[in-house]
Amino acid sequence: MRNKRFFLVILLILLLGLAGCATPKTEDLPKFTLTELAEYDGKDGAKAYVAVDGKIYDVTDIEEWTGGEHYNGAMAGVDLSELIKQSPHGKSMLSRAKLVGTLSE
């Protein structure tokens, strides 16, 4: 019983360590200019990236962003920081997207 408990504690520590590694630090992510971000418009096989508050998210596999266009008319490859403030869901839906970079100044 004691060995089993020890094993479970070690397993829990390892899992928590891996969970911490899953979230990249923003300073370790690639930096994109607005010109570079524009290349990720979701068209012709390109990935679809959007910037919000200096962070860049991959929305390629999110159904509402098919072909790099959100169903409300917003386009990928641009900074949506101001537009997202008018969205009914706000930034909450960004949790479904992968953080892939930061916007360089």
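The following legends describe close-up views of a predicted model. Local features are reported at pLDDT of at least 70 and side-chain atom pairs at pLDDT 80 or more, whereas totals for chains, interfaces and linings use all residues. Residues are numbered from 1 along each chain as its sequence is written, and side-chain values use heavy atoms, without hydrogens or water.

**View 1. Overall arrangement of the chain.** The chain contains 2 helices and 4 strands, which follow the pattern α-β-α-β-β-β along the sequence. Helices (H or I, at least four residues) and strands (E, at least two) are DSSP runs, numbered from the N terminus. Of the 105 residues, 30% are buried (under 20% relative accessible area; exposed is over 50% and partly exposed in between, with a 1.4 Å probe and protein chains only).

**View 2. The aromatic cluster of Phe 32, Tyr 40 and Tyr 49.** Ring pairs link these three residues into a cluster. Rings of Phe, Tyr and Trp (its six-membered ring) pair if their centres lie within 6.5 Å; planes under 30 degrees apart count as stacked, over 60 as edge-to-face and the rest as tilted. The rings of Phe 32 and Tyr 49 are edge-to-face, because their planes stand at 90°, with centres 5.9 Å apart. Phe 32 belongs to strand β1 (residues 31–32) and Tyr 49 to strand β2 (residues 49–52), so this pair ties together parts that are 17 residues apart in sequence. Tyr 40 and Tyr 49 are stacked, at 4.3 Å centre to centre and 5° between the planes. Phe 32 is buried at 9% relative accessibility, as is Tyr 49 at 10%, whereas Tyr 40 is partly exposed at 25%.

**View 3. The largest nonpolar core.** A nonpolar core is a set of buried Ala, Val, Leu, Ile, Met, Phe, Trp, Tyr and Cys residues joined through side-chain atoms within 4.5 Å. The largest such core has 15 residues, and Val 50, Val 52, Tyr 57, Val 59, Trp 65 and Leu 80 have the most contacts inside it. Apart from this core lies another, of 7 residues, including Phe 32, Leu 37, Val 100 and Leu 103.

**View 4. Surroundings of Val 50.** Residues up to four places away in sequence are not counted here. Contact means heavy atoms within 4.5 Å. Among the residues touched by Val 50 are Leu 37, Tyr 57, Trp 65, Met 75 and Leu 80.
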